[in-house]
Structure formats: structure tokens, C-alpha cells
Amino acid sequence: MDSHLVLIEKSFDTCYSIGAREALDELPECFTITDPSISGHPIVFASSCFLKMSRYSEDEVIGRNGRIFQGPKTNRRSVMEIREAIREERALQISLLNYRKDGTPFWMLFHMCPVFCKEDGRVVHFVAVQVPILGRQRLNGTSLSEEGSGFREIVFGSCRREVCSDSLVDTGRVLSLDSDTRGLNIAETCEASEAEKRRAASAIKNILSVLTQHSESTGKLVCGKRCSLPGATLVSSSLNISLGRIKQSFVLTEPHLPDMPIVYASDAFLELTGYARNEVLGRNCRFLSGVETNSSVLQKIKESIQTEQACTVRILNYRKNKSTFRNLLHISPVRNATGKVLCMHKFLLLSCMHKFLLLSCMHKFLLLSFIYLLLKCPLI
């Protein structure tokens, strides 16, 4: 099975018990569940009602980003409002024009909310409920009925290629479309009724109830509100998504917490070491060491951390299955404007790889670190 799909499957199965999927499918609502910690913020669960409404199969939806349901008449400002809500890790209710697989446009009430881990307060998933808006389904005076063949022709001609292709060219085109601010007011808003808004809010409560119930048996209890934990350091969903675009193996650690725990682990790191994300977060990196790991190298790493200086070493580490691998490890502090270390980032690369790859990874990460610092320390 593809490593990306393995991560998606683990995302759901490690949080909820075996009967969670069946219990969620019994709900009459149309909804999806996404994971912001996985590269691309993919869908990890789609209800049968949603699949029926969108006319996609489960295989066509799972692992994909929700942008595949957007089209040429989807309001870009609405899309940006959703992105902002994800960045701020808050709930949002907004009217949105989406497209079915056959290109048919339809208005829906989009109600999204974060799902928090009760233990550490981080966002583990987002739930997005879609309630079709009945009546008044018109766009600039044009009916959005399913018989709109003209619309269907436009859709197939300009924006549905990403459904059929995973190529970098198409992905880049889609991202460009999403970031385009031209034509923000193409579609007039179709407001949902109060009854439809209440239905969406009720659906969110029902879904959260099922998720909470089925998270108890796994020991990873979730809830709809963040628990405030003093001293806890959380990597925001927006930073998670940005870091997920870096395809190399690395972790972020928090030097101001006891035992310097890992607060972020990339998908490539999980694939390299064989661990699941929940088995890594909150632990010190020493779990990768073993009996044959050179103690002098470990001492050099320790001194680098104590002096808050960067270092690069070759080290023998251990995967979850106890097999060994040699890698080129680079450790570097991330500082704020005053020079204070906010976190430490560590890149793990197989030793057979070239150094230019390490430098490339560092450049990408430093750019994201700079954006992260601006978000945390805005200029006034």
C-alpha cells in the first residue's frame, strides 16, 4: 500500500475504535473528516451520504484535498475564509458553491469545526458538514439545475482535470487557481435558511459525539473544545500544512519543555523510521538510538543543544522494527527576532544521499520558519 495512504488510514484508526466508521456511516449527514497534520490536508473519512451527494467513489475522495470539489464559479473569497478558519483553528459556517463529479454545480452550507486532542489540545482532525441549500439555487440569474449542460461543459473544460490526474503540472495549476484573487465576486451568495443552519450545527454535534465515544477505547480522547494546558507548545494547523509541503525527513522539538519533546514529525520521517505520528509526538529523539549508536556522537549532539548551536553528524539510528540505518543528521535552532531559541529542527537523511539535498531542505525550512516567526511575532 502507498505510504501516503498508510498514513491516512492510521490517522483515523489510531484515534478511533474499529466501529467508528460504521457508526459514522449510520448518520444521515453529508460530511468529511480531514487531517491537517498530513501533507496536503487530505480527507481521511467521507460519509456514504456525502459520496452519494457528490457522486464520487470513496477511492476518488480519500487522500485528496477538498479543493477537488471547487470549480470556476466557486467564490475565491469564501475559499480564503475557510483557509483562515483552518489557520486559526476555529469553527466556520459559510455558503459555498461546489461541484459534483459530473460537473454539476450546487449551493451548500459548509460548516467546519476542529477536533481537539483532550490530552494536549492539538487539532487532530477537522469535520466539515455539507448541507445542500434548497431553493433559490441561482447564480447571476442562471439556474443551477442538474440539467445545466452549459455549465457542465465549462467545468470539464477548465477545472476538473485535477480529479483525473495527480501530476505536478495539474497540482500547480490548481494551487494557482486557489490563490488567484481575481473575480472574487463572480458568484452572488446564496444564503442558507435558519433551518439549514440549525441542521448543520446539529450534525456537527452528532458527529463529535460519535468521535468522542469511539476515541475513549483507544485512549486518545477527542473533544470539540480545546483544553488549555499551561506550558504546552502546539504547532498550528496552518504551520502543519506548510511544513507538510517539505518532503524530506525532519522533526521539530521544543527545548523549553522537560526532556525536549518532539512537537512535529514529517511524513517522510515516519516512513523512514516506521513509527506512527502518535508514537513520536511528545517523545525525546533518543528513542531512535540503540546499543550500537556511537556515544561520542550523542555527546556532540547534546553539547550542540546546550550551546544552542547548529551541528551536522553521521549517526547510526534504529527503526521501530529494530533495523538500523545510517543517516546524516543536521540540528539547528530556530530563533525569534531577539535571538531566543523557539524550537530545534532536525533533518534526518540517509547517509548515501548528497549534501546538496540537505542544504535544499534547510533553505525550504528556514523560509517556513521565517513565516512562522512573522505569524508568532507580528510587526506592530
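1. Accessible areas come from the Shrake-Rupley method with a 1.4 Å probe, and for residues only the protein chains shown count as cover.

2. Basis of the note. This is a predicted model, in which local features need pLDDT of at least 70 and side-chain atom pairs count only at pLDDT 80 or more, while totals for chains, interfaces and linings use all residues. Residues are numbered from 1 along each chain as its sequence is written, and side-chain values use heavy atoms, with hydrogens and water left out.

3. The negative patch. Two helices, α2 (20-25) and α4 (58-61), each supply at least two of the patch residues. Helices (H or I, at least four residues) and strands (E, at least two) are DSSP runs, numbered from the N terminus. Glu22 belongs to helix α2. Its relative accessibility is 55%, so Glu22 counts as exposed. The classes are: buried, under 20% relative accessible area; exposed, over 50%; partly exposed, in between (1.4 Å probe, protein chains only).

4. The chain as a whole. There are 14 helices and 13 strands in the chain. Of its 380 residues, 49% are buried. The chain exposes about 18,600 Å², and carbon and sulfur atoms supply 55% of that area. Contact means heavy atoms within 4.5 Å. Take the contacts between residues at least 6 apart in sequence: 57% of them join residues at least 24 apart.

5. A buried glutamate. Where does Glu196 sit? Glu196 is in helix α9, residues 194-216. With a relative accessible area of 9%, Glu196 is buried. Neighbours within four places in sequence aside, Glu196 is in contact with Leu109, Val131, Pro132, Ile133 and Leu134.

6. Salt bridges. Side chains of opposite charge can pair when their charged atoms come close. The criterion is a side-chain nitrogen of Lys or Arg within 4 Å of a carboxyl oxygen of Asp or Glu. The structure has 10 such salt bridges. One of them joins the side chains of Asp13 and Arg21, at 3.1 Å from N to O. Asp13 is partly exposed at 36% relative accessibility. Arg21 is partly exposed too, at 28%.

7. A bridge between two loops. Asp102 and Arg55 meet through their side chains in a salt bridge of 2.6 Å, N to O. Asp102 lies in the loop between β3 (92-99) and β4 (105-117), and Arg55 in the loop between α3 (48-54) and α4, so the pair ties together parts that are 47 residues apart in sequence. Asp102 is partly exposed, with 23% relative accessibility. For Arg55 the value is 34%, again partly exposed.

8. A charged network. Which residue pairs with Glu88 in a salt bridge? The partner is Arg87, with the closest N and O atoms 3.6 Å apart. Salt bridges that share partners join Glu84, Arg87, Glu88 and Arg90 into one network. Glu88 is partly exposed, with a relative accessible area of 39%. Arg87 is also partly exposed, at 33%.

9. Asn240 belongs to helix α10, residues 237-243. Buried or exposed? Asn240 is buried, with a relative accessible area of 9%. Ser39 is 201 residues away from Asn240 along the chain, and their C-alpha atoms are separated by 8.0 Å.

10. Backbone points to check by eye. Asp259 is not a glycine, yet has a positive phi of about 70 degrees. Asp259 is in the loop between β9 (250-253) and β10 (262-265). Its relative accessible area is 43%, so Asp259 is partly exposed. Met260 lies in the loop between β9 and β10. Its phi is near 50 degrees, a positive value in a residue other than glycine. Met260 is buried, with a relative accessible area of 10%.
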